[in-house]
Each structure stands twice: as structure tokens, then as C-alpha cells.
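Work through the exercises below with the sequence and the coordinates side by side, and try each task before reading its solution.

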Amino acid sequence: MDTLLLARTQFAFTAIFHFFFVPLTVGLSIFTAILETVYLKTRNEKYKHLVKFWGNLFLINFAVGVVTGIVMEFQLGMNWSTYAKFVGDIFGVPLAIEALLAFFVESTFIGIWVFGWNKLPKALHAASIWIVALGSTLSAFWILAANSFMQSPVGYKMAMNGSRVEMSDFLTLIFNTYVWRQFPHVLAGGIVTGGFFVIAISAWHLMKNTKEKNDFETSIKFAAIYAFIGTILVILSGHAQMQNLLKTQPMKAAAAEALWNTENPASFSIFTIPDEKSLKDVFAIRLPGMLSFLAYNTFDGEIKGIKELQKTYQQQYGSGNYIPSITATYWSFRFMIGAGTLMLITSLFTLYRVIRKKYTFSPLLGTLMFWSFLLPYIANSSGWILAEIGRQPWIVFGLLKTENGVTPSSIVNSSELAFSLIVFLLIYGILIITDIFLMKKYAIAGIQTSE
Amino acid sequence: MDVQTIWFILIAAFFTAYFVLEGFDFGVGILLPFMSTKDIERRTIINTIGPFWDGNEMWLITAVGTMFAAFPNWYATFCSIFYPVWVAMLASLIFRGVAFEFRSKHDNPVWRNFWDWSIFGGSALPAVLWGIVLSNFIRGVPIDASMNYTGVLFNLFNPYTLVCGLTSLLIFTFHGAIFLSLKTTGILQETAMNFAKKLWTPAMLFYMIFTVYTITETDLYHSIEISRLLIPLISILALASVIFMLSKNASGWAFTMTTITIAFSTITIFKSLYPRVLVSSLNPLWSLTIYNTSSSSYTLGILTIVAMIFIPLIIIYQGWSYWIFHQRITMDSELEY
């Protein structure tokens with residue numbers, strides 16, 4: 001295998017694996033912080049037990065998120081050194097700010113929170129988990145600000161000799177429309193992930209009728225509201241992001257819809273089996289006019305198709321293939337919105353049950369509710385697959401192609417890469433097995449009411 | 001002073017903070033399996049660094065993150081040419097990081113032993129690797145005229161860099177033993193003290209070999225200005241003096257001295273590099289410098305503003321976290337598992 005493919009595979013595994021843990025870190029830290037605030041206000045010991053229980057699960061997840069994040073930081077220089085040199089002047093800045101402003105806060109205050117139960121006044125202890133939550137949220141913002149430059153470059157100029165891009169305006173960079181569409185979506189995704197995680201485990205306990213029934217009723221009550229708000233936000237922000245995508249990366253949007261030809265009004269695909277070679281449908285069911293409606297809030301309006309965009313890009317950037325993998329983009333988008341729809345149904349249903357104070361779950365319902373925790377994971381991962389694969393062949397849209405960003409094979413050869421890929425895959429395998437084992441153990445063990 | 005120099009100093013300072021702080025938590029991790037076989041004692045040992053190690057590691061993340069932003073070509077070369085070293089380093093830091101969280105979460109001797117040895121390996125290997133990386137910085141690596149690395153993996157490992165790796169391993173372990181003697185009581189404190197006393201001789205020996213070897217192998221001491229020799233002289237004297245402090249059970253002073261040794265050694269390395277960031281062993285003119293690797297002055301300006309606001313804040317809240325947990329850890333104190 002060539003180094004490009006190996007480097008891409010390694011990056012894909014690391015990024016997706018890392019992002020298994022990030023949304024839950026964001027969502028569960030905010031959730032735990034809310035519970036601890038309630039404890040602070042009510043001084044009801046029940047809430048302290050809840051904080052400890054959900055906090056414990058949060059910590060198991062957090063540890064894996066942190067260590068895989070370190071790999072992300074080094075990997076850009078290790079495998080993508082040409083890219084790093086090309087964009088460092090811009091891309092490095094949000095990364096550096098993330099470390100100085102967010103990650104540092106998060107890592108210091110998590111230590112204070114874990115070890116400070118008996119050393120800090122209650123208010124300060126509660127504040128420290130809020131700071132952790134704020135830190136992880138800010139951390140997400142700065143990473144996404146960096147990613148947004150790759151998706152939709154703004155605030156830059158080409159260096160004199162054309163060897164790299166340089167920042168021309170910092171404020172333009174951080175007020176990139178792309179990041180202000182992407183960040184709320186990712187944040188809401190985190191809230192949903194946290195909410196469904198709590199709903200799932202609570203429903204399981206309620207189904208099994210375990211002794212801490214009352215505590216899990218409280219948990220599911222909070223989580224139902226939390227997950228519902230998150231789901232609504234994730235859908236609204238996702239919609240806004242797609243509308244923006246049509247302007248900034250029309251090819252990604254067209255690929256996500258398998259829209260071969262420019263249409264006005266444009267149809268929305270319900271189910272398509274694409275033929276990537278000859279750029280046509282093998283089989284398709286489409287809703288006429290629906291895509292125009294989603295894009296422009298009215299049933300007419302032109303959406304550019306893949307073939308036309310390919311022609312435009314060839315004129316603009318020279319000959320080459322500017323079409324990403326249609327199967328990957330189309331289906332990752334379907335998985336994301338499919339999971340999103342199921343999340344909306346589940347969260348509405350949970351909210352309804354909570355409002356009606358129905359806390360008993362039959363074995364079938366409890367099992368279904370339990371496995372619903374997977375929905376946000378499916379949506380998160382497929383969202384990123386859509387975002388990153390859909391950008392191909394570019395690593396920085398319009399400026400640098402992925403194939404030109406990889407570390408030269410004279411520096412990192414394919415055997416070194418194959419070796420590191422195996423090492424990382426083994427480690428990720430061990431981590432995920434251990435993580436699930438511990439999560440399961442502590443989730444089943446339930447809430448410790450006596451210490 | 002130009003803005004490139006400011007950022008070189010800041011990154012050198014981040015690395016210095018990293019080696020001083022993570023140095024002792026590496027040392028504690030290395031000593032963990034040898035200090036005790038009793039679970040409660042091992043947990044006590046881990047709790048001496050429990051609230052700190054993650055924050056300590058942030059100095060590395062910050063050093064590398066700001067290196068990316070301020071000197072992209074340094075970052076890109078630094079990460080890519082030491083590729084296998086980073087794979088090993090990252091693997092170590094991953095196992096070590098999760099081990100602190102995972103080891104107490106399951107009550108099974110095999111499980112706990114596995115994670116305790118992960119903490120050991122995840123601390124010992126980086127301790128060696130950092131010595132190897134830093135010595136390659138100053139010894140030089142084959143970099144050609146177009147800033148490309150032309151060497152192979154084998155170039156990174158040679159008698160000099162291996163001596164440096166062993167030296168950093170010993171110094172960090174020694175630093176960690178003294179930290180443990182500061183933070184524990186009773187039998188653990190005694191054991192830590194014994195380790196510290198035993199470790200002084202090999203640490204001192206290797207540090208001297210390292211110093212002499214550096215004179216012959218690198219251009220570090222080529223100019224014999226007093227100001228240039230003062231800092232390495234202080235660091236070696238500080239290390240030498242530790243044995244007297246240990247004999248008087250003055251762990252606090254001993255810890256101050258190993259801190260000085262680590263800090264001043266790091267400073268010496270960066271000071272002698274300046275204005276280079278990676279020395280080319282092929283031709284001195286091909287070395288990477290802070291000027292041919294840096295970002296634009298606009299970007300460096302933005303970074304400087306950010307750093308001026310947030311670095312003082314970091315020092316304040318990290319200092320505060322050390323203050324909260326300044327007491328010695330005893331086995332009777334409530335251990336957060």
C-alpha cells in the first residue's frame with residue numbers, strides 16, 4: 001500500500017476513534033455539572049450520589065478521549081508534514097489557543113474535581129466541573145475553527161513564493177461562517193450523546209427494577225429534557241449547516257444527495273444506489289422539489305449537480321477528479337439524518353413518558369431504549385465521515401489536495417506507517433474493549449448510596 | 001528582541017516546565033511497582049501525582065501546539081523525522097494516561113498489576129525517549145538544503161543519544177523518588193528516601209558522562225564564555241549537592257535542587273541551540289532556525305497576545321491546584337479511587 005492510503009487510514013481511525021469519546025465528554029460534563037449545581041442548591045445527598053455515579057462514567061470516557069487527543073496533535077506533523085508546513089501559519093493558531101485556553105483548564109480542573117471532594121468548599125467544587133465542561137466546549141470550538149479553515153478557507157493570503165498560506169485576518173478566521181454553523185451542531189451533538197447515554201442506562205435500571213429506581217427516575221427526568229433540547233438544536237443547526245454547505249462546498253452537498261445533474265427545483269433522495277463510474281443512479285427514489293425547499297425554504301431554486309460542478313472545478317483548478325466517493329458521502333449523510341430522525345422520535349417519546357410520570361419499562365421497551373444510546377454515536381461518526389470524505393480530493397478546500405499534504409515517503413516510508421497503523425489499531429482495540437468493560441461494570445453496579 | 005526569539009524562549013520554557021513537572025510524575029510512575037506490592041500503598045503512591053499528572057502533561061501539548069503555530073516547519077520536521085520515536089512515545093502516554101484512571105476501577109490483582117506495569121512502562125519509555133530526542137536536537141540530524149531529513153531510523157540511536165536517554169531516565173526517577181519522599185509518610189517515605197539515596201550515584205555518574213560526552217559530541221561548549229558555562233555548572237553542582245540534603249532528610253531542598261538540574265539542563269540545550277531549532281549534521285548552513293521555520297509576523301503577533309493573557313492565568317490556576325493538594329498523602333487519608 002502507498003503511504004497516502006496508509007496515512008489516510010491511520011488518520012481516519014484515529015479521528016473517528018477520538019470522536020467516540022469527545023461528544024460524551026462534552027455532553028456528560030455539562031450534565032454532571034447541572035446535577036452538581038442542583039446538589040449545591042438543594043443539599044440533597046441524592047444528587048451527590050448521582051453526580052458521583054454519572055461523574056464516574058464520565059471519567060472513564062474522559063481518560064480515553066484525552067489520550068487519543070494527544071495522538072491527533074502529533075499525527076498532523078508525523079503523517080501530514082507537507083500539509084503542516086503549508087497551513088501552519090493559520091491552522092496552528094487555533095490549535096495553540098486550544099491548548100493555552102481550553103485543554104489546560106480542562107486537565108487541571110479535572111484533577112481538582114476528582115481529588116477535591118473533601119478539600120474544597122462545595123460551591124468551588126461545583127464550579128470546577130463547570131470549568132471542565134466549559135474547557136471541553138471551548139476546546140471543541142478551537143479545533144473546529146481549525147477544521148473550518150480546511151473546509152472553507154477564509155482570512156488568508158498566499159505567501160509570496162506560493163509555498164504556504166498565511167493568516168491575513170485573525171477575526172475573519174474565527175468568525176468563519178463555517179465554524180459558526182459547525183460548532184453549534186457539534187456542541188448539540190455532544191448534548192444529545194450525553195442525554196441518550198443517561199436515558200439508556202436509566203431505562204435499563206428501570207426495566208430491571210433495581211433498588212435505585214428513584215435515583216434513575218430523577219436521572220431520566222433530567223436527561224429527557226436535556227436530550228430533547230439537544231436533539232432540537234442538533235436538527236436546527238444541522239439544517240443551517242447544510243444550507244451553508246451549498247454555498248461553500250456545493251460538491252459535498254451534491255454528493256451527499258447523489259445529485260448528478262443540476263436541477264431546478266431539485267429533488268431530495270430517499271434511497272439511491274449510485275453508479276459512481278458512469279455518474280448515474282442504479283436505483284433511486286426521490287422526493288421532487290424537496291431539496292430546493294431544504295436549501296432555500298421554498299419549493300424552487302437551482303441546486304448544482306455533480307457533473308456541472310466537476311466541469312466548473314476543472315476549469316478553475318485544472319484537470320483532475322473533483323468528485324468525492326459518492327457512496328461514502330451519500331450513505332454517511334443518510335445514516336446521520338436517519339439516526340437523527342430516530343433520536344427525535346426517541347427523545348419525544350421519553351419526554352412524553354417523563355411528563356406522564358411513566359417510569360416502568362417493559363423488557364422490550366427497556367432494551368430498545370438502552371440501545372438508543374448508539375444513535376448519537378452513529379450520527380456523530382457519519383457526520384464526520386461526510387464532512388471529511390465529502391471534502392476530498394482536497395485537504396484544504398481549493399488550496400491543497402490531500403495527496404500533496406502527506407509526509408514524503410523518503411521521511412516516513414510505508415513500512416513505518418504500516419507498523420504504526422497496526423500499533424494504533426491494537427491500542428484502540430484494547431482501549432475500546434476496556435472502556436466498554438468498565439462502563440458496563442459501573443453502569444450495572446448502579447448508584448452507591450453509602451460510601 | 002524579535003518575535004521569533006520570544007517564541008523560541010516561550011517554547012523552551014514550556015519544555016522546561018514539562019520536564020520539571022512531568023519529570024517527577026514519570027519518576028513516581030517508574031518507581032511504582034518497586035515501591036510496594038500492597039495495593040493500598042500503590043494507590044497512595046499514585047495519589048501523590050493523581051491531581052497533577054494530566055495538568056503536567058499539558059505543558060507538552062502546549063509546547064507542541066505552539067510550536068505548530070509559531071514554527072510550522074520545525075513542528076513538521078520534529079514530528080516526522082522522529083516518527084518511530086513518537087509512535088512509541090504516544091503508545092506509552094496512552095497506556096499511562098488510561099492506566100491512572102482504569103487501574104483502581106476493577107478489583108482484581110492481575111488487572112491492577114497490568115495497569116501498574118503500564119504506568120511503569122508508560123513512564124520509563126518516554127523518560128528514555130525524551131533524552132534521545134533532545135540529544136538528537138543538539139547533536140544534529142541529517143537535514144539537507146531543502147529542510148528535508150535524509151537519514152534513517154538508525155541515525156537517531158547511537159552511543160551518545162543512548163547515554164542521554166539513560167541519563168534522563170535516571171534523573172527523572174531520582175526526581176520522582178525525592179518527590180515521593182516529600183509527599184508520603186511512614187514506610188513509603190522511608191522507602192522513597194532509600195531509593196533516592198541509592199539513585200544519586202548512578203544519576204550523578206551518568207550526568208557527568210553526559211556532560212563530558214556532550215562536549216566531545218556537540219558544539220554546545222565550543223565557546224568558553226563564562227556566562228555560557230555558568231548554567232550547566234549550576235545544574236551539575238545542584239545535582240551533586242542533593243546527597244547532602246538527603247543525608248539531612250531535607251527533601252524539600254533536595255527537590256529544589258533536582259528541579260534546578262532539570263530546568264537548567266533543558267535551558268542549556270535550548271540556549272545552545274539558539275537560533276537553531278534542529279541542527280543539520282550535514283552542513284551547519286542547512287540547520288533549521290527560528291527564522292527559516294517561523295510563521296508570519298502577523299501570526300506570531302496574535303500568538304503573543306494570546307500567550308500574554310493566558311500563560312499567567314495557567315500559572316495561577318495550576319499553582320493553586322498544587323496548593324490545594326500540598327499536604328502529604330497518608331494511607332489513612334480518604335483515597336479517591
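**Exercise 1.** How many residues lie between S3(A) and S4(A) in the hairpin that they form, and which residue in the turn has a positive phi?

Some conventions come first: this is a predicted model, in which local features need pLDDT of at least 70, side-chain atom pairs count only at pLDDT 80 or more, and totals for chains, interfaces and linings use all residues. Residues are numbered from 1 along each chain as its sequence is written, while chains are lettered from A and ligands numbered from 1 in the order in which they are written.

*Solution.* The hairpin has four residues between its strands, and A:Leu279 in the turn has a positive phi of about 50°. Strands here are DSSP runs of E with at least two residues, and helices are runs of H or I with at least four, numbered from the N terminus. S3(A), residues 268-275, runs antiparallel to S4(A) and is joined to S4(A) by seven bridges, where pairing requires that DSSP find at least two. Within this pairing, A:Thr272 stands opposite A:Ala284.

**Exercise 2.** Is A:Lys441 buried or exposed?

*Solution.* Locate A:Lys441 in helix H14, residues 414-445 of chain A. A:Lys441 is exposed because 12 other C-beta atoms lie within 10 Å, the classes being buried at 20 or more, exposed at 12 or fewer and partly exposed in between, with C-beta atoms placed from the backbone.

**Exercise 3.** Which helix gives the most to the side of chain A that touches chain B?

*Solution.* Begin with the contacts (C-beta atoms, placed from the backbone, within 7 Å), which link 55 residues of chain A with 55 residues of chain B. H3(A) gives the most to that side of chain A, with 23 residues.

Methods. Contact = placed C-beta atoms within 7 Å.
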